[in-house]
Every structure is written in structure tokens, then in C-alpha cells.
Amino acid sequence: ACGGSGESAPKDVSADTAALGTIEPGVLKVAVQPYAPYTSVEDGKIVGLDGDILSYVADQLGLEIQPEVTDFAGMLAGVQSGRVDITIGGVAWSEDRQKEGLFTDPPYYSPPVMAVKGDKTYQTVDDLEGLQLGTVEGYVWVESIQAVPGAELHAYPDANGVFDDLAAGRLDVGFLDPLLVTAAQAERPELEISTLYMTPPTAEQVAAEPAYEYFQPYQTGFYLPPEATELEKAVSEQIDAMYENGEMEKLVEKWGGDPEQFLTPTDAFATARAGVDRPDDWTPPTIAARG
Amino acid sequence: MSGLFEVPWADYQSELTDALLRTVLYTVVSFAGAVVLGLVVALLRLSRARPARVVAAVYTEVFKNVPLLAIIFLTYFGLASVGIRLDVFMAGALSLTVFYAAYLSETFRSAISGVHAGQTEAGEALGLGRTGIFGQVVMPQALRLALPGTNTFLVDLLKSTSLLVTISAAELMSEGRLITSATFRALEVYIVISAIYFALCYPLSQVLLWLERKVRAGVPLTPWRRRRMRAARALLAADIGSAGSGSAGSGSSGPGSTDLGLKEAAA
Amino acid sequence: MSGLFEVPWADYQSELTDALLRTVLYTVVSFAGAVVLGLVVALLRLSRARPARVVAAVYTEVFKNVPLLAIIFLTYFGLASVGIRLDVFMAGALSLTVFYAAYLSETFRSAISGVHAGQTEAGEALGLGRTGIFGQVVMPQALRLALPGTNTFLVDLLKSTSLLVTISAAELMSEGRLITSATFRALEVYIVISAIYFALCYPLSQVLLWLERKVRAGVPLTPWRRRRMRAARALLAADIGSAGSGSAGSGSSGPGSTDLGLKEAAA
Amino acid sequence: MSEPVTAATETSDAKAAPEVVVRMEGLRKSFDGRLVLDDVHLEVGRGRIVSVIGQSGGGKSTLMRCVNLLERPDQGRVEVSGEVVHDDGRMVCRDLPGLRRTVGMVFQRFHLFPHLTAVENVVLAQRRAGVPEQEALERAVALLRRVGVAHRGLAYPEQLSGGEQQRVAIARALALRPDVLLFDEPTSSLDPEATREVLSVMRELAADGMTMMLVTHELPFAREVSDHVVFLDRGRIVEEGHPDDVLGNPAQARTREFLASYGSTS
Amino acid sequence: MSEPVTAATETSDAKAAPEVVVRMEGLRKSFDGRLVLDDVHLEVGRGRIVSVIGQSGGGKSTLMRCVNLLERPDQGRVEVSGEVVHDDGRMVCRDLPGLRRTVGMVFQRFHLFPHLTAVENVVLAQRRAGVPEQEALERAVALLRRVGVAHRGLAYPEQLSGGEQQRVAIARALALRPDVLLFDEPTSSLDPEATREVLSVMRELAADGMTMMLVTHELPFAREVSDHVVFLDRGRIVEEGHPDDVLGNPAQARTREFLASYGSTS
Ligand SMILES: Nc1ncnc2c1ncn2[C@@H]1O[C@H](COP(=O)(O)OP(=O)(O)OP(=O)(O)O)[C@@H](O)[C@H]1O
Ligand SMILES: Nc1ncnc2c1ncn2[C@@H]1O[C@H](COP(=O)(O)OP(=O)(O)OP(=O)(O)O)[C@@H](O)[C@H]1O
Ligand SMILES: [Mg+2]
Ligand SMILES: [Mg+2]
């Protein structure tokens with residue numbers, strides 16, 4: 001637990017802020033895994049796309065962020081054991097996962113992205129047939145790639161392996177979280193890697209080959225313990241507001257994402273959560289209305 | 001939080017079984033490698049050639065003073081970036097091998113030097129030759145001395161396969177993490193994975209203790225030694241069967257019968 | 001791949017220093033705890049009361065056969081979810097303590113039983129009493145026997161602090177991961193982090209070896225023992241200064257002067 | 001003796017010396033159901049020297065160890081310096097460390113404390129018994145001189161030859177000014193030269209009037225130095241008396257047989 | 001002897017027995033610049049028994065160890081069974097294991113192989129020397145009977161008493177039918193009873209005509225059993241000759257002094 005000024009126990013906290021029911025009034029304890037450019041910690045401050053979004057939300061709610069750097073298992077257990085108030089960082093919503101806690105409204109939608117070397121272009125799933133395709137072991141894309149006819153799967157322990165082999169020409173396409181590719185390109189320009197957004201497979205394609213499901217965007221969320229209903233509501237409201245006031249678009253752009261890709265949901269998102277952890281008439285936040 | 005056991009373990013059974021087998025495979029291969037490499041390093045450290053000793057000492061010190069996590073990482077990614085691409089299994093097993101070889105070499109070295117100098121001398125005086133002395137006199141005794149330490153490291157190695165999660169080795173801990181990410185039930189998964197490790201390690205350590213006791217008791221472990229002991233027992237039957245007839249069998253060539261008589265009366 | 005050292009290390013200097021200090025603090029506190037707890041467990045295992053022995057044996061077996069990673073996780077998150085909230089430092093140090101106490105208890109136990117039974121008997125015959133025998137006879141000798149193993153575990157413990165990353169302990173390895181994720185230069189980061197661990201562990205292990213040699217050579221380490229040795233040296237000056245005058249000083253009460261004369265001629 | 005500090009004389013000054021230092025009556029002791037001492041009676045008067053001889057396994061060590069209760073007899077009474085310390089299987093002695101300080105013991109394998117120098121070996125028990133530091137040190141040095149190893153006073157046991165080690169062990173046993181010294185085969189781990197050195201120290205202790213009990217295979221020495229010889233065979237005292245009688249002209253056939261077995265080598 | 005297998009007789013059948021088994025000429029050896037053997041000449045004829053006596057550190061062990069080249073002399077010549085094996089600091093022997101099989105050695109501290117039973121101890125070197133398994137076993141058993149420990153043949157060394165261990169060590173040394181047996185203080189780690197057992201075995205070997213060299217402190221035994229006694233003092237042979245002369249009526253003052261130091265104990 002670095003940073004924060006958590007030592008001075010009784011603080012000037014407004015009644016509204018106190019009502020959020022954080023572990024320590026006025027303080028938002030956040031578990032993060034180092035996963036730049038989504039989440040990272042610098043000088044005791046949380047940074048990255050998820051980090052900036054949450055920082056903005058915390059400001060609005062009068063909360064002070066106190067980050068805890070851990071790994072993925074530690075993030076989950078931190079929330080579940082009440083060590084932290086919330087965890088962030090590209091956590092995808094799924095029906096199974098939401099049984100173990102609360103998910104906020106999606107701060108963004110993660111579109112499927114392809115890392116390629118130089119100026120190669122691919123757009124649809126059909127373009128991938130017969131190629132050398134890479135991803136990280138354990139990612140959902142492993143299954144999807146295996147379903148592509150004639151393609152050969154290369155699974156790496158982490159994204160660095162994908163980048164290295166793309167640069168070396170042993171891979172045609174790498175499937176990774178989108179901002180990772182952008183950031184890697186910024187950090188290591190010598191690799192000459194660029195980002196391509198994929199045109200998601202159609203409903204018919206997914207029906208024919210269910211593993212293609214993961215080539216569609218997924219919705220992320222901030223994850224909280226089941227009791228933290230007040231806090232979840234407040235954070236979700238702020239997220240929705242950020243779609244409205246353009247703040248979200250600003251941040252996605254700041255971190256190298258395409259707002260169009262990141263902030264417009266498909267119809268499937270509403271049906272997935274409506275009636276599960278959202279009201280039946282829930283509509284996912286979007287910037288499309290503004291545009 | 002809801003009830004403790006909610007993960008649908010049955011769904012993961014076949015993956016867990018695979019992961020468990022892979023854990024065992026990593027353990028077996030790496031341990032065999034570490035024993036061989038450790039022995040080589042120990043012999044180098046005991047050799048008369050100073051360069052050999054220095055190389056072995058540097059090896060041992062480096063690997064003993066760096067976290068295994070870092071070694072695993074560097075073997076997999078580091079070697080790859082200089083053009084040596086090992087697959088996950090090779091890299092994982094190699095990391096464990098080189099790391100534990102450093103520790104084992106220390107155990108072996110002290111076991112070998114722990115064999116009394118008089119033993120080598122007795123071997124020399126019997127004309128056993130260098131290989132005879134090493135193979136038949138020093139090694140079997142060093143084995144006895146080295147077993148406890150070696151066994152500790154075997155169990156330790158088994159547990160350390162959990163660090164291969166860094167390179168997604170698909171062993172138990174990696175599988176645990178996959179289940180965690182699917183179900184979000186980290187705590188439950190950790191408890192179950194710990195229990196599986198315990199179920200692997202505890203019987204293993206008990207078997208090794210048992211083996212240690214056998215070896216210490218001098219029980220013949222090789223078939224040829226068992227055969228020799230059987231033949232010897234047959235030949236000595238008359239002497240051992242009843243102590244009285246034994247000493248009688250030795251005739252007047254044994255020491256004075258008075259002495260033997262006293263011994264037997266006391267026994 | 002471009003040049004090896006491209007991470008802006010200077011930017012991370014203060015965080016790394018903090019992390020390093022935290023690593024050292026974890027090591028010191030946990031090791032002290034593990035030594036105390038390990039000693040208690042060893043004494044329980046050697047006690048005459050069967051229940052005490054059983055408790056100690058179960059403790060040792062459980063913690064020796066479960067991965068440290070799991071222990072850390074369960075101590076921090078597991079205990080919290082049953083209402084025992086330790087802070088990160090407490091939980092981390094406690095995990096390392098209980099884990100290494102299990103190993104150290106084995107080392108201590110075998111060191112204590114390794115002290116020759118004749119030593120206890122001699123202590124009894126001199127009327128030293130139980131505490132006197134334990135404190136002045138058995139412990140100092142057991143210390144000598146236990147030092148090598150204990151030292152190995154100290155270095156091991158230092159390296160194992162790297163596993164505390166999972167509970168956000170902000171030690172060296174956590175910092176390394178942060179840097180990796182920010183710079184995408186995992187290899188370089190791991191090499192540097194390994195070098196830092198090596199720079200911590202290697203001098204530590206050399207200091208411990210040096211201490212081991214001192215203790216084995218019987219160098220007095222406590223001020224009171226040094227004082228006693230000084231006084232003794234002063235009193236014995238005449239006897240030791242020149243061996244001849246020493247034996248002369250002992251007068252006719254010593255053994256025959258012929259014997260001593262021969263000894264000195266040979267020396 | 002040129003040295004002023006001699007354990008035996010000082011002790012007899014300090015206490016109201018009873019005439020019998022060790023008395024054992026009807027001692028019985030078994031291990032695992034096997035009788036090792038069988039109705040043993042024995043008295044050691046002040047300033048006397050009693051040697052115990054006999055076959056290996058005959059119970060000699062066990063008998064000696066019953067004096068300072070390192071072994072507790074099953075039956076019979078043990079009296080040390082006029083006080084009953086063990087009676088009929090019950091510990092009567094309230095101050096076991098005190099008893100142990102009254103009885104000095106020298107072991108066959110020395111059992112010096114290997115982590116301490118020779119002089120510290122002699123100081124240790126004195127300090128536990130409350131002797132002030134400087135006094136304890138001075139006494140240790142005087143004793144080491146007396147047994148002729150003062151020049152090795154700062155050496156560790158492993159740096160000493162066997163004979164030197166045994167002499168330090170004797171100094172250590174004398175440091176608490178015991179009423180009686182027990183020697184259990186003090187020379188049998190020694191080579192002939194070292195044996196001679198140790199026997200000469202024992203001879204001087206005898207000349208000083210130290211009360212001693214010893215188990216020994218050195219029959220000529222036993223004969224020369226002791227007032228009384230006890231032949232213990234399979235836990236029973238078969239014969240005892242003046243050394244010239246027991247060793248020179250034994251009454252029992254068993255004793256003669258035992259002595260004959262020695263004749264063959266020397 | 002009722003046993004058919006006796007090492008000495010078989011060996012002398014098998015080889016064209018030269019009259020001198022061990023010959024040493026002008027042997028010099030120093031350790032760290034200190035002369036330990038100084039111009040030593042020595043001959044051991046077939047079937048003879050030579051005892052080496054002398055003060056501790058006098059070089060007795062070093063002399064014995066030069067015979068089978070466990071120690072390599074700096075100067076002088078060593079001849080075993082008629083062949084020069086070491087000459088003027090150079091190893092001449094081409095088959096060192098072969099030489100070592102020609103010379104049997106029994107150590108003071110036995111040095112049995114603790115991980116093997118008694119019978120296996122005796123079998124081991126035979127197998128390395130190419131004796132077939134069954135024959136090696138039979139010979140081992142015969143030898144264990146001969147030295148009277150066949151009833152303990154399946155025991156491990158630590159389960160044996162000192163005397164039994166030493167007798168197994170003798171059987172082990174005999175197993176390769178050596179031309180000569182070397183004994184380096186074979187009884188000095190033994191208690192009197194075990195000493196007697198081992199000496200009786202040696203006496204029988206002597207009666208069988210075995211060639212032997214021994215270092216011993218058992219002067220009466222040396223006198224009884226040997227043909228020739230060598231008194232080695234500070235690396236030089238001070239006096240040698242018939243045991244009755246050297247031990248009974250020594251010509252040199254140094255020898256008398258040495259012998260006198262023994263008189264004090266027995
Ligand atoms: N602690 C013990 N437990 C079981 N048996 C014992 C114990 N101590 C001694 N004995 C047995 O008691 C018998 C007498 O032993 P003791 O040591 O008194 O004989 P000893 O006359 O001193 O023999 P030695 O001359 O060999 O020292 C032996 O048979 C021995 O094995
Ligand atoms: N390997 C060695 N290195 C250095 N010095 C040695 C070595 N072996 C023997 N010496 C020295 O050589 C001298 C003679 O030793 P040796 O063992 O031959 O004497 P010894 O007559 O057998 O004595 P003891 O009766 O004590 O066995 C001694 O001073 C000994 O310290
Ligand atoms: Mg005894
Ligand atoms: Mg010698």
C-alpha cells in the first residue's frame with residue numbers, strides 16, 4: 001500500500017461521500033494489476049485508461065484513491081475478502097463472474113484488435129484463414145483462433161512474445177487487448193507494429209461457429225464486492241455521465257483508442273445483462289446518441 | 001460471500017488431471033536433471049583442477065542467490081531474445097533443473113566429503129582403483145548422507161513448479177488461475193490447489209522418509225545385491241543358524257573357544 | 001531487438017529503493033519470527049509429552065507440503081474473509097514466518113539431537129541443572145550444527161519475498177512488474193531485478209559463511225565471553241608464554257616432567 | 001604439593017566430614033527386565049580408593065552412575081556424604097545439582113564441552129554453582145596447573161591430545177571440590193603414553209587423600225593405587241577386599257578365571 | 001588347520017616365491033619439509049614377521065604405508081615380491097591396484113565399509129580383481145570362519161564389536177591372498193578382551209606362515225610372535241634384531257629409555 005494519506009484516520013468527509021460505504025470513509029481502495037496502459041501506478045497515483053476513468057469518478061464522488069498493486073488472483077481475492085473497495089483493469093463481464101460480486105456499467109467496450117507488422121491489412125474473420133495467428137495463453141481468443149480454418153495457433157506466455165514474433169515475421173496477426181498494441185508501439189517503435197480493428201463476425205457466423213463469439217467486442221466493468229451496492233450505483237452513474245459529457249471519449253483518445261470502437265455497444269450487450277444484474281429495460285451507455 | 005464450495009469442480013476435472021500430470025512430469029524430469037547436473041557440479045567442485053572448481057563455485061553461487069521466478073523468466077524469454085527458443089516445457093524443466101542443481105551440488109559435495117577419508121584409503125589398499133573406490137565405496141555412503149537433503153529438495157521442487165505459472169506451463173497453479181479467472185473464486189481455488197499440492201507432497205515425503213530408513217538400515221535395494229545376500233545367507237546358514245554350531249564349524253582356526261563361549265552366554 | 005538498457009531506471013530509483021528496503025524489512029522480521037517459532041516447534045517435537053510432539057509434527061508437515069504462494073494468499077485473503085484482518089506487512093511477514101519456521105524447526109531439531117548424549121550427561125554430572133545444560137552446553141553446540149542450514153533458509157527467505165507480489169506488498173518483484181508493464185521491456189527488468197537480488201543475497205550469504213567459520217573456530221562472540229577469555233589469558237600468561245616455564249610453573253604436581261619434555265621437543 | 005589449592009584438603013576443611021562418603025545398601029537395578037545390579041553393598045570411606053573390576057557388561061558403569069544418580073536404582077539405598085539420596089526406588093535427594101557437585105565424575109570418552117576452551121570447561125560449573133567469576137577463573141587455572149595442562153588452557157578440546165583432554169576433564173571434575181571422584185575407565189580410550197600421563201595425575205590425587213571410586217582395566221594400576229578392590233560379575237559382587245588379596249590371591253574361582261584372561265596379553 | 005583355504009599357503013603355491021617379500025633401501029620421506037623417514041633399510045623375508053615399535057610420531061605408519069605406496073617415498077627403493085615398485089621418487093609399478101592386492105593392510109580403526117555386511121566387505125575386492133561371484137563368496141565365508149566371525153557374517157560393521165570388526169578387516173585383507181599383511185596398530189582401538197581375540201587370530205596367521213609387518217604397542221605380543229623387531233625413532237632405525245635382544249636386552253640407550261616408559265603401567 002503505497003501512496004495515499006490514509007494515516008490521518010477521521011477526515012472531513014461529506015455525508016454523501018460517507019454514505020458510499022467505502023471501507024474507510026472518503027477513501028477508495030483500488031486493487032490493480034500492472035497492466036499498462038489500462039492500469040498502472042506512478043508516484044502512488046493510479047494511471048492508465050481504467051485508472052483515469054476511476055480517478056475522474058473518485059473526484060466526482062469526493063473519494064481519494066489508494067491503489068494496491070497485486071496480481072490477477074490478488075485483485076479478485078482483494079474484493080471478495082473486503083480488502084479493497086473495487087478493482088479495475090480490463091475486467092470482462094460474464095454471467096458466471098457477476099455471481100461473485102457487482103459490476104459497474106461498462107466504462108468502455110473492448111473491441112477485438114489485431115496487431116500486425118508494418119502495413120498489412122486484414123478485416124474480417126475470413127481474411128485470417130491459413131495465417132499464423134498468435135495470442136496469449138489462457139486468453140479467450142485461443143479457442144477462436146483454433147476455429148479459423150487453416151490458421152496455425154501460437155500461444156505465448158505474455159504479450160511480449162507476441163510482439164517479438166510479429167516483429168520477427170513468424171506471426172501474421174496477434175490478438176491482444178487493443179491499447180496494449182498501441183502502447184507497445186509507442187514504447188518500442190523499432191518493432192513496427194500497428195493496430196487494426198477487426199470487423200466483428202456476423203450473428204450468422206457466430207451461430208455457425210460459436211467459438212467466433214470472442215472475436216466480438218466484450219464489455220468491461222469495474223468489479224466490487226456484493227455488499228457495495230451504494231458504491232456500485234454511484235460509480236455506474238458517474239460512468240454514464242462521462243459518456244454524456246464527453247469525458248470518456250477524451251480519455252479513450254488520450255490512451256490511443258478509437259472512441260467509435262470503444263464506446264458504442266452492440267445489441268448483444270444489453271441482452272446479456274438485462275434481467276441478470278441489470279433491469280430488464282437496461283440500455284448500455286453509448287456515445288452514439290450524442291454523435 | 002456465498003457458500004464456500006461453489007466452483008463446479010467436476011467441470012474442471014479433466015483439465016486438473018492433465019495439470020496434475022504435467023506437474024508430476026515437470027517434477028520428475030527436472031529432478032532427474034538436477035540430480036545429474038548437481039552431481040557433475042559437485043564433482044567439479046571437488047576436482048583438483050582449480051578452473052573446474054571456480055566454474056562450479058560461480059555456477060552454484062549465481063543460481064543460489066537469484067530467485068527461481070527470475071530464472072524461469074529469463075530462461076524462457078531471455079534465451080528467446082538471443083535466439084534460443086525453448087518451448088514451455090523445455091524452459092520450465094531447464095529452469096528448475098539448473099536452480100535445484102545448484103542446491104543439490106552443495107548437498108552432494110558435503111555428502112561426498114563427509115565420507116571418511118579412511119574409506120578411500122581402505123579402498124586404495126584393497127586395489128579397488130579409482131572407479132571402484134568411487135562407485136563402490138564413496139558413492140553408496142555419500143548416498144546415505146545425501147538422501148535427507150536431496151529429499152527435501154525434491155518436495156521443494158514439486159512445490160516450486162507452481163512458479164511456472166509465469167510462463168503458463170499449464171501445471172496445477174496455472175490451471176488454478178484459469179479456473180479463478182473463469183469463476184472469480186480465488187480463495188476457494190487456492191484452498192483446493194493447496195490441498196492437491198499437499199496430497200502430492202505429503203505422501204511423496206513419507207515415501208522418501210521410508211526409503212531413507214531402508215537405505216540407512218542397509219536393506220539391499222539392487223537385485224544383484226539381493227542375490228548376493230541370498231547366496232551368502234545360504235553359505236552362512238550353518239554358522240548363523242545356531243551360534244553354537246557356528247563357532248563349532250569354525251574349528252580350531254577361530255579365536256579361543258573360551259572367548260566365544262563367554263560371548264554366547266552373554267547374548 | 002534494440003539495445004539492452006532502454007528502461008529509464010533513474011525514473012524508478014526512489015520506488016526501487018523503497019521496494020528494496022521493504023524487501024529487507026520483510027526478511028529481517030520474518031526471519032526473526034521464523035527462528036523463534038522454529039525453535040519452539042523443535043522443542044515441542046523433542047518434548048516428552050506426546051500431544052506436544054504430535055502438534056509440532058502436524059504443524060511441520062502441513063507447512064512443508066504446501067506452496068508458500070498458497071500460504072501467503074490464504075493468510076492475507078483467507079483470514080480476512082473469516083474476520084481476521086492483518087495488514088499487508090503483518091500477513092506477509094506472518095506467512096514467511098510460519099512457512100520457514102516449519103523448515104527451521106527440522107534443522108533445529110536435528111541440530112539439537114545431533115549434540116552428543118555424553119554432553120548432556122557431563123552437564124548433569126556437573127550439576128548444571130536443566131536450564132544450565134540447555135543454555136550452556138546443548139544450545140551453543142546445536143547452534144554450530146544448525147548454522148549452515150539456517151543460513152541457507154535465510155537467503156531462501158529473502159528470495160521468497162518475491163512471492164509477496166500477490167498481496168500488494170510493494171517489494172522488489174512488485175516494483176519490477178510495474179516497470180515491466182509500463183515499459184514492455186520484461187527481459188531487461190528481470191535481469192536488473194535478478195541482479196539486485198543477487199547483490200542482496202550474495203553478500204549476505206558470504207557474511208553468513210564468515211560467521212559460520214567464526215563460530216566453528218570457537219571465536220568468542222559475546223562480550224562476556226571475550227572478557228572471560230581476556231582474564232583467562234592474563235592468568236595463564238606464564239604457562240602459555242613459553243611452554244617450558246609453563247610446565248615448570250606446574251611444579252611437581254603435574255605429570256612426570258619427562259613426558260612434558262618430550263612433547264615440547266616434538267612441537 | 002607446591003600448589004595451595006587442592007580440592008580434597010579444602011573440602012574436608014569446610015565440612016563436618018562424615019567417615020563414609022559413599023554407602024550403597026542392597027542396590028538393585030534392571031534394564032528392560034534384565035537384572036544389571038543385584039543386591040550390591042559397598043562403602044567408600046573418606047580418603048579411600050575403591051576400584052571396581054569385572055567383565056564387560058558386568059554392571060560396573062551402572063554401579064558408578066548410581067552414586068550421582070545418573071542412573072536411579074530400583075531398590076536399595078544410596079548415601080552420599082552422610083545423607084541418604086535415594087531410597088528404595090524413591091528420590092530422596094532434594095537438591096540433585098547439589099549432589100552432583102558433591103560427586104565429581106570423569107568419563108571414559110572425556111565429554112569435554114567442545115565449544116569451550118579448556119579453562120572455560122573448568123569454569124562453567126563453578127559459575128553455575130555461584131562462585132564469583134574471578135575466583136572461578138583462578139581456581140580453574142590452578143587446577144589446570146595441578147594436572148599439568150595449564151599451557152594448553154586456551155586450547156579447544158579437539159586441539160588437545162586424548163591424555164590432555166582427560167586431564168582437563170579431571171580438572172573440571174575437581175573444580176567443585178567434590179567429596180568423591182568417580183572414574184569410569186578413564187584411560188581406555190587413550191594410547192599408552194597418554195594413559196601414563198593420566199594415571200600419574202590419579203596417583204597424585206590419591207597421594208593428596210582424595211576419595212575415589214574407579215572402574216578400570218589397568219589391573220596393575222588398580223593394585224598399586226587402591227585400598228579396596230571389588231570384582232563385579234553379572235551384577236553381583238563376587239569378591240572384594242585388599243588389592244593384594246583380590247588381584248594376587250583371589251578366593252573365588254570366578255575371579256581367578258577373570259584374572260587369567262588378562263594374563264594372556266601382558 | 002582344519003580349513004583348506006588359507007591365504008598364505010595358496011599364494012606360495014601359485015607364485016614363484018622370491019625369498020624376500022618386502023625390501024626397502026635408503027627410504028627417505030618428508031612432510032612439509034620435515035624428515036619423517038630418514039635412510040631406512042628393511043627386509044622382510046617370506047614367512048617372517050617383523051614388528052615396528054617406537055614413539056608416537058616416529059614414522060612407523062609412514063613406513064608401513066610406503067610398502068603399498070599409500071605414501072610415496074621421496075628417495076630410495078621399494079621392492080615387493082621381487083619387483084621394484086618405486087625408485088628414487090619415481091613410481092615404477094605399472095599396476096598399482098595389482099601391487100595393492102599383493103599387500104594386505106589392516107588399519108588401526110578398521111575402516112570396514114559401513115554400508116556392506118561383513119561378508120560383502122570380504123567379497124568386494126575379490127570381485128574387482130576378477131574372482132567369480134560364487135568363488136568369491138565361498139572364499140569370504142571360509143575366511144570369516146577362519147577368523148571366527150562367520151556367525152556375524154550378515155551383520156553390518158556398526159553391529160559388530162571392535163574385536164569382531166577388526167577380525168572382519170583381517171579376513172578382508174586376506175581375501176586377495178596377499179604375499180604380505182601389514183598391520184598398523186591393529187589393537188589400539190580395542191578393549192582388552194577384543195585385543196585378545198585379534199591377537200589370537202594374528203598368532204594363528206603367524207603359525208600358518210603368513211608374512212607380516214606390524215606396528216604395535218603390545219610389546220609382549222611383539223616379542224612372542226615376531227622374528228625381528230625394528231625400533232624406529234624420529235624416522236631412523238635406532239636398533240633392530242631378534243625380539244629377545246631388542247626388547248629384552250637393548251644395545252642402545254634410546255631403546256632402553258623407550259622400553260622403560262612402558263614399564264610404568266604394566
Ligand atoms: N540405559 C540402558 N538401557 C538398557 N540397558 C543398559 C543401559 N545401560 C546399561 N545397560 C546394560 O546393562 C548391562 C551393564 O552395563 P554396564 O555399562 O554397567 O556394564 P559395564 O560393566 O560398565 O561394562 P563395560 O566394561 O563394557 O563398560 C549391560 O548389559 C548393558 O547393555
Ligand atoms: N599426510 C601427512 N602430512 C603431513 N604430515 C604427516 C602426514 N602423515 C604423517 N605426518 C607426520 O609425520 C610424522 C610421522 O607420522 P607417523 O604417522 O608415521 O608416525 P607414527 O610413528 O605412526 O605415530 P603414531 O604412533 O602416533 O601412529 C608425524 O609427525 C606426523 O605428524
Ligand atoms: Mg562401563
Ligand atoms: Mg601410526
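**The surroundings of ligand 2**

An N or O atom in the side chain of E:Thr62 lies 2.5 Å from an oxygen atom of ligand 2, a polar contact being a pair of N or O atoms within 3.5 Å; within protein, one must be able to donate a hydrogen and the other to accept it, and residues adjacent in sequence count only if both atoms are side-chain atoms. The protein buries 64% of the 630 Å² that ligand 2 exposes when taken alone (accessible areas by the Shrake-Rupley method with a 1.4 Å probe; for residues, only the protein chains shown count as cover). This is a predicted model, in which local features need pLDDT of at least 70 and side-chain atom pairs count only at pLDDT 80 or more, while totals for chains, interfaces and linings use all residues. Residues are numbered from 1 along each chain as its sequence is written, chains are lettered from A and ligands numbered from 1 in the order in which they are written, and side-chain values use heavy atoms, without hydrogens and water.

Two further side chains of chain E place a polar atom beside an oxygen atom of ligand 2: that of E:Ser56 at 2.6 Å and that of E:Arg34 at 2.9 Å.

Around ligand 2 there are 13 residues, of which E:Ser56, E:Gly57, E:Lys60, E:Ser61 and E:Thr62 come nearest (a residue is near a molecule or strand if one of its heavy atoms lies within 4 Å of it). Helix 2 (60–67) and strand 2 (34–45) of chain E each supply at least two residues of this shell, and helix 2 gives the largest share, three residues.

Methods. Helices (H or I, at least four residues) and strands (E, at least two) are DSSP runs, numbered from the N terminus.
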